[in-house]
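User: Could you take me through how to read burial, cores and helix packing in a model like this one?

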Amino acid sequence: MSPVISVSKLDKIYASGFQALKNINLDIRHGEIFALLGPNGAGKTTLISIICGLVNPTSGTVLADGHDIVRDYRLARSKIGLVPQELTTDAFETVWATVSFSRGLFGKPANPAHIEKVLRALSLWNKKDNKLITLSGGMKRRVLIAKALSHEPQILFLDEPTAGVDVSLRQEMWQVVRSLRDTGVTIILTTHYIEEAEEMADRVGVINNGEIILVEEKNELMRKLGKKQLTLHLSEPLRVIPATLAAYQLEIAAEGNELVYTYDSQRQHNDITALFHDLAGAGIKFNDLQTQQTSLEEIFVKLVRNPS
């Protein structure tokens, strides 16, 4: 199956001479949740704005469900819904009116049943007659999602979807995003909450200084670049690691009260048993142990600092 979004040799150079994007090549699959990560100024918003037809590229091509975003603007744009980071809404409109109006902007005929379905899915139905000025920040963000879904797009861009949303609402928003994906909508999100990408994404792309430095399945990324640590809490302090344990590259921590073993959980699971055997042979005993997996945030920071 061809990708739902295809970006090829994309560059963006502003009049000032600043190059915001450099040779971007990116394919996004139908029905996936794709997280685009990068520090401030990395080019995330510029890339999204070009794909959504809001900013013109300097060179390169972008296809949305097979339609060129420049030559077939109306068809391409009709496939896309965009939820911007800023809470830009008409404060004195009702929820129903603003979502219905957004549908009309795409030339779609009135469809009250679809608007009702969207509002119910986003837990906004009981607020349909409320003016936007009366809503909380979390509710306003839901309204932005409803507006983006009003014209029945197959691709949904979420730019910092839970910025300013409290923890409980953030969990609810994640559930909304998953339910949208389950209906076949492709989700592309940017986020500063790394746990958001770790929780929801199927694949992760990292952009830095206007260049895509990595695109990978989330689980594969964490397997390849992540690490797992086994920490043993020793019965007695250890000052020097015996030569018989040198192959494990153990580290002494907590003033000799802990031994730390770093390993690839996918490839070295059998080594744990061997380690325990060799520890016993060296007369080293432990009272407790714990494991810790590298987080996506740690991997992200490492990639941005050392992209090579």
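User: How many of the residues of helix 1 are buried?

Analyst: The model is predicted, so local features need pLDDT of at least 70 and side-chain atom pairs count only at pLDDT 80 or more, while totals for chains, interfaces and linings use all residues. Residues are numbered from 1 along each chain as its sequence is written, and side-chain values use heavy atoms, with hydrogens and water left out. Buried means under 20% relative accessible area (1.4 Å probe, protein chains only), and helices are DSSP runs of H or I with at least four residues, numbered from the N terminus. In helix 1 (residues 44–51), seven of its eight residues are buried, among them K44, L47 and I51. Just after helix 1, G53 takes a positive phi of about 80°.

User: Which residues have the most contacts inside the largest nonpolar core?

Analyst: A nonpolar core is a set of buried Ala, Val, Leu, Ile, Met, Phe, Trp, Tyr and Cys residues joined through side-chain atoms within 4.5 Å. The largest one here has 41 residues, and I145, L156, L158, L180 and I187 have the most contacts inside it. Helix 5 (residues 137–149) gives the most to this core, with six residues.

User: At what angle do helix 3 and helix 4 pack?

Analyst: Axes are lines fitted to C-alpha atoms, for helices over the stretch in contact, and angles run from 0 to 180 degrees between N-to-C directions. Helix 3 (residues 95–105) and helix 4 (residues 112–121) pack at about 120°, with their axes 11 Å apart. That makes helix 3 oblique to helix 4, oblique being what remains once angles under 35 degrees (roughly parallel), over 145 (roughly antiparallel) and 65 to 115 (roughly perpendicular) are set aside.

Key: Helix = DSSP H or I, 4+ residues; strand = E, 2+ residues; numbered from the N terminus. Buried < 20%, exposed > 50% of the residue type's maximum accessible area, 1.4 Å probe, protein only.
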